[in-house]
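The sequence and structure are shown first.

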Amino acid sequence: MGSSQRQHHNDANCVWVHGPIIVGAGPSGLATSACLTQQGVPSLVLEKTDCLASLWRHRTYDRLKLHLPRQFCELPLLGFPPNFPKYPTRHQFVSYLESYASRFSIHPRFNQAVRRAEYDRGLGFWRVQTQDSEYISRWLVVATGENAEPVMPDIPGMNMFDGPVVHTSSYKSGFEFKNQRVLAVGCGNSGMEVSLDLCRYNAIPHMVVRNTVHVLPREMFGFSTFGLAMTLLKWFPLKLVDKFMLLVASFILGNTDQIGLRRPKTGPIELKNVTGKTPVLDVGALRLIKSGKIKVFQVVEGVKEITRNGAKFVDGQEKEFDSIILATGYKSNVPIWLKGCESFSKDGMPKTPFPNGWKAEEGLYTVGFTRRGLLGTASDAVKVANDIAQQWRSINNGYNSHVIQLKET
């Protein structure tokens, strides 16, 4: 495209946005927009799909429930309906997000995939390009989150396999895998829950465990494990709380090392804070591992290669499988579209660590990159909205006083 054509395209489809541009209509984008609305600041939410919370709506399995009690998953300014259970289902969470958008009159522009966003130093504004428009604003809020794209591992021979190879983002139910031998690659919360779900349909999941993993009971003494940890951290040092959690976990769950789930040397809360790696909260998979219904492969180097009818492991084992499920997690997609920006690392996460990663340079903000779930999202959204609202008021007050002066002269 020549420069004259490009100029014409920009002029014809240029949209000036008075408030911030928010990229992403998931929980992070909705929370930020709501907090801005409460402060009287307009915003524009751009969403690449055709709906709110597309990840929750389309890329989650049927049996998914929130892993933490609802009070830790609420967005600012609006709680869950009182009739919701302690651990809402994904359908309930999506309906909550729809009510949230409706309550704060958030109307995202759908089917607007951001192809490029860049700060124009000459203009002093952000230029955000989608397939059919260019949006310009003083502020840009990156709210696409840590889990924007599935991580697809590069295992040799994957395209040779005769059966289906499915990432958990496309997995809905074990019904499609009835009576099959299934290789589940990954042992995080998704790998554990998918394996549990497969057992309901008489499938035989074989879970590959490459790394160490902390497994904790979802509840301790009738309280949420997460809630208990949060309370204890107010009174005791982190390492002491970690020791207590592991002591109780081993009392309730037994020694997980003996069933192929070796614990890391670093405690669960410290590990989460430093690396973002979440401990697995057990909702029933451990019992099935102990009974042998879920097979565990503790393979340090993982899968060597996929064959036409199964897999070869680095330690020399070879097994036949009917299907492969990749529970290999998600990653940020920010490096694909945010250009000329030093605030994000190559993995698409803010370089400034928590709790200060929400603000970058030149009117750039991030929400939902704390590695602390929906609690982190809520906290970021409030800070970002307060910061932008302060600037908004000072710009508008300056403009109004200028207008008054002009009238007086």
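## Helix α2

Helix α2 covers residues 27-38, and its 12 residues should span 16 Å at 1.5 Å a residue; the distance between its end C-alpha atoms is 16 Å, which agrees. The model is a predicted one, and this agreement concerns the predicted coordinates.

Burial dominates in α2, where 10 of the 12 residues are buried. The buried residues are P27, S28, G29, L30, A31, T32, S33, A34, C35 and L36. P27 belongs to α2 and counts as buried because its relative accessibility is 11%, under the 20% cut-off. The C-alpha atom of P27 is separated by 28 Å from that of V213, which is 186 residues away along the chain. After α2 comes G40, with a positive phi near 80 degrees.

## Helix α4

Helix α4 runs over residues 90-103. From the first C-alpha to the last, its 14 residues reach 20 Å, close to the 20 Å expected at 1.5 Å a residue.

Its buried residues are R90, F93, V94, Y96, L97, Y100 and A101. They lie on the same side of α4, because the arc they cover around the axis is only 155 degrees. In an α-helix there are 3.6 residues a turn, so residues three or four places apart point the same way. On the face of α4 turned away from the buried side are the exposed residues H91, S102 and R103. Just after α4, S105 has a positive phi of about 50 degrees.

## The largest nonpolar core

The largest nonpolar core is made up of 62 residues. Those with the most contacts inside the core are F93, Y96, Y100, Y171, L198 and I388. Of these, F93, Y96 and Y100 are also listed among the buried residues of α4.

At least two residues of this core come from each of α2, α4, α5 (189-199), α6 (225-233), α7 (238-253) and α11 (373-408). The helix that gives the most is α11, with 7 residues.

## The cavity

How many cavities of 30 Å³ or more does the structure hold? It holds 1.

The lining of the largest cavity consists of V213, H214, P264, L271, K277, T278 and P279. By class, these lining residues are 4 nonpolar, 2 polar and 1 charged. V213 of this lining is the residue whose C-alpha lies 28 Å from that of P27.

## The second largest pocket

The second largest pocket has a volume of about 290 Å³. It is lined by 20 residues, of which T352, P353, F354, F369 and T370 are the closest to its centre. The lining divides into 8 nonpolar, 8 polar and 4 charged residues.

Which helix supplies the largest share of the lining of this pocket? The largest share, 3 residues, comes from helix α8, residues 268-275.

## V274 in helix α8

V274 is placed in helix α8. Its relative accessibility is 64%, so V274 counts as exposed, the cut-off for exposed being over 50%. V274 and S323 are 49 residues apart in sequence, and their C-alpha atoms are 35 Å apart in space.

Note on methods. Residues numbered from 1 in each chain as written. Predicted model: local features only at pLDDT ≥ 70, side-chain atom pairs only at ≥ 80, totals over all residues. Heavy atoms only, no water. 1 Å grid on protein atoms, 1.4 Å probe; cavity = no way out; pocket = protein on both sides within 12 Å on 5 of 7 lines; lining within 4 Å. Points joined across faces, edges and corners; volume = space filled by probe spheres on them. Helix = DSSP H or I, 4+ residues; strand = E, 2+ residues; numbered from the N terminus. Nonpolar A, V, L, I, M, F, W, Y, C, P; charged D, E, K, R; others polar. Expected span 1.5 Å × (residues − 1). Buried < 20%, exposed > 50% of the residue type's maximum accessible area, 1.4 Å probe, protein only. Arc of directions from axis to C-beta. Core = buried A, V, L, I, M, F, W, Y, C linked by side-chain atoms within 4.5 Å.
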